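Reader: I would like the terms used for this model set against the values behind them. Please take them one by one.

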Amino acid sequence: MEMDICFEGVGQVAATFQVDDETLLPGTVVALTGNGTVGLGADGGAPCGVLLGGMRGGAAAVQIGGAVKVSYSGIAPKAGRQELACDGAGGVKTAAGGLSCLVLTVDEGERSAVVKL
């Protein structure tokens, strides 16, 4: 019997932030853009977390710890410890000097990875 493997949500830590762009969708990698405020991470910027849900009153839940699925651009990250940065399009990319994350799985067809923030 084959068993499905799932890491998403393991150790999830979330916090509520103001969001500077109410058009951002759940699953978008965000960066700190001000005091208690997140927005789309600039290309090469340090990721803060991943937007979890819809906004209400300009605020939303952001996952800041634990395992989460993200999209990536550029070269696929490899399983193991990787340095990741925002790609400017709502995902991440590998980047020297980026945030050290544990990459748990990579789906090159879907261009996504599950990472532990």
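Author: What follows is a set of questions and answers on a predicted model.

Reader: What makes up the secondary structure of the chain?

Author: The chain has zero helices and ten strands. Along the sequence the pattern reads β-β-β-β-β-β-β-β-β-β.

Reader: Why is the chain called as compact as a globular protein of that length?

Author: The globule rule gives 13 Å for 117 residues, and the radius of gyration of the chain is 14 Å, close to that value, so the chain is called as compact as a globular protein of that length. The box filled by the C-alpha atoms is roughly 45 × 35 × 20 Å along the principal axes.

Reader: Why does Leu24 count as buried?

Author: Buried means under 20% relative accessible area. Leu24 has 12% relative accessibility, so Leu24 counts as buried. Across the chain, buried residues make up 37% of the 117 residues.

Reader: Where does Leu24 lie, and which residues is Leu24 in contact with beyond its neighbours within four places in sequence?

Author: Leu24 is in the loop between strand E1 (13-19) and strand E2 (29-34). With neighbours within four places in sequence left aside, its contacts are Val19, Val30, Gly39, Leu40, Leu51 and Met55. A contact here needs heavy atoms within 4.5 Å. As for Asp43, it is 19 residues from Leu24 in sequence, and the two C-alpha atoms are 16 Å apart.

Reader: What share of the contacts in the chain with a separation of 6 or more comes from residues 24 or more positions apart?

Author: Such residues account for 51% of those contacts.

Reader: How many cavities of 30 Å³ or more does the structure hold, and what makes the lining of the largest cavity nonpolar or charged by class?

Author: The structure holds one cavity of 30 Å³ or more. About 50 Å³ of space lies in the largest cavity. Its lining consists of Val29, Pro47, Gly49, Val50, Val70, Leu84, Val92, Cys101, Val115 and Leu117. Nine of these residues are nonpolar, one is polar and none is charged.

How values were computed:
Residues numbered from 1 in each chain as written. Predicted model: local features only at pLDDT ≥ 70, side-chain atom pairs only at ≥ 80, totals over all residues. Heavy atoms only, no water. 1 Å grid on protein atoms, 1.4 Å probe; cavity = no way out; pocket = protein on both sides within 12 Å on 5 of 7 lines; lining within 4 Å. Points joined across faces, edges and corners; volume = space filled by probe spheres on them. Nonpolar A, V, L, I, M, F, W, Y, C, P; charged D, E, K, R; others polar. Helix = DSSP H or I, 4+ residues; strand = E, 2+ residues; numbered from the N terminus. Rg over C-alpha atoms; globule rule 2.2 N^0.38 Å. Buried < 20%, exposed > 50% of the residue type's maximum accessible area, 1.4 Å probe, protein only.
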